[in-house]
Amino acid sequence: MKHLRSIGELGKEGLERLLESTAQMAEINRRPIPKVPALRGKTVVSLFFEDSTRTRLSFETAAKRLSAETMTFSVSTSSVNKGESLRDTVETISDMGVHAFVVRHKSAGVPWQISQWTSASIINAGDGAHQHPTQAIVDCYTVREALGLTALNGLRVSIVGDIKHSRVARSNVAAFTLLGAHVTLVAPPTLLPANIETWPVKVAHSLDDVMPSTDVLYMLRLQSERMDQGLIPHLGEYSNRFGLTETRAQKLQDSAVVMHPGPMNRGVEMHIDPADLPNSLIHKQVANGVSARMAVLFDVLARGGELNSLQEESV
Ligand code: NCD
């Protein structure tokens, strides 16, 4: 594929392919020297107009492990502060001979717009509340690995919290549904999107009610930076009803797993330390983030490249 901008664009076959190659990248990451020459000569730039810790660092680590050159664009020290437009910024970087842009921006649709201004590949690392496809690949891989499943048919996934502002929720609903899981969104009505009836999901307003019948409990951060109105009358009340407490966690089945994309708001949606949960996958999500992003970079930049050849290669 040339770009990775949304799960819908990727489709089921593409998602399955990337999950398979994530497993192969994970094998490379278990080696004493986790590095292969697969993307030697390619340059990847991370163009982040919004804050990030894990997504940005895992992309940069992934590019380095595949021997690509990396460039980092930092808005706060760039000519954006002198009024340079997004288009001029992209065209300038593109002129330097870049093969892929990893883009994060507060506005939905920016990755599609940028792909009209450069011949490089575009990977969406989060556009507004719209899509975050690599997070969904990480999460589907992490669930498959933890539960030892390939198909997720009938798996009950509950995504809890601020769905309205969450690109993670949008990408994960699409990805989990493509793999056959049943998704329930658990949120107060004010934190659900307006067109929720068109989504392939069930909706619940009580977290307590869904706990016993959940296989994957996916907690979301309350995205106050995207809220322009008082959508929650009282943070304490929200937190009481939709936060994960120790008592509430006991309502989960023993086999259920707990996930969160990070960063966590401790004391808001997470009252319990993930270390105290028997089945938290939160650290695995971060670790798998590098393998999944290696799979994506390899797919867009070594198009036609033979994944199996990586098994014999080392630097
Ligand atoms: C998410 C994001 O930026 O959309 N974080 C991430 O990429 N791991 C979720 C969030 O910010 O709450």
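Helices are DSSP runs of H or I with at least four residues, numbered from the N terminus. With that in mind, the report looks at a few places in this model, which is predicted.

**Helix α2 and residue E60**

Helix α2 spans residues 54-65, and E60 is part of this helix. Is E60 buried or exposed? Its relative accessible area is 13%, and a residue counts as buried under 20%, so E60 is buried. The side chain of E60 makes a polar contact of 2.6 Å with the side chain of S46. Leaving aside residues up to four places away in sequence, E60 touches S46, T70 and T72.

S67 is found in the loop between α2 and β2, a strand covering residues 69-74. The phi angle of S67 is near 65 degrees, which is a positive value in a residue other than glycine. The relative accessibility of S67 is 11%. This value is under the 20% limit, so S67 counts as buried.

**The ligand and its surroundings**

Where does the ligand sit? The space it takes is the largest pocket. The residues around the ligand are R54, T55, R104, H132, Q135, R167, V168, R221, Q223, P261, G262 and P263.

| Residue | Ligand atom | Distance |
|---|---|---|
| T55 | oxygen | 2.9 Å |
| Q135 | nitrogen | 3.4 Å |
| Q223 | oxygen | 3.2 Å |

On its own, the ligand has 310 Å² of accessible area, and the protein covers 95% of that area.

Which form does the peptide bond from G262 to P263 take? This bond is cis, and its omega angle is near -10 degrees. P263 lies in the loop between β9 (257-259) and α10 (282-301). Both G262 and P263 are among the residues around the ligand.

Technical notes: Residues numbered from 1 in each chain as written. Predicted model: local features only at pLDDT ≥ 70, side-chain atom pairs only at ≥ 80, totals over all residues. Heavy atoms only, no water. Helix = DSSP H or I, 4+ residues; strand = E, 2+ residues; numbered from the N terminus. Buried < 20%, exposed > 50% of the residue type's maximum accessible area, 1.4 Å probe, protein only. Polar contact = N/O pair within 3.5 Å; in protein donor to acceptor, adjacent residues only side chain to side chain. Contact = heavy atoms within 4.5 Å. Near = heavy atom within 4 Å. Areas by Shrake-Rupley, 256 points an atom, 1.4 Å probe, with all protein chains shown as cover. 1 Å grid on protein atoms, 1.4 Å probe; cavity = no way out; pocket = protein on both sides within 12 Å on 5 of 7 lines; lining within 4 Å. Sits in = over half its atoms within 2 Å of the grid points.
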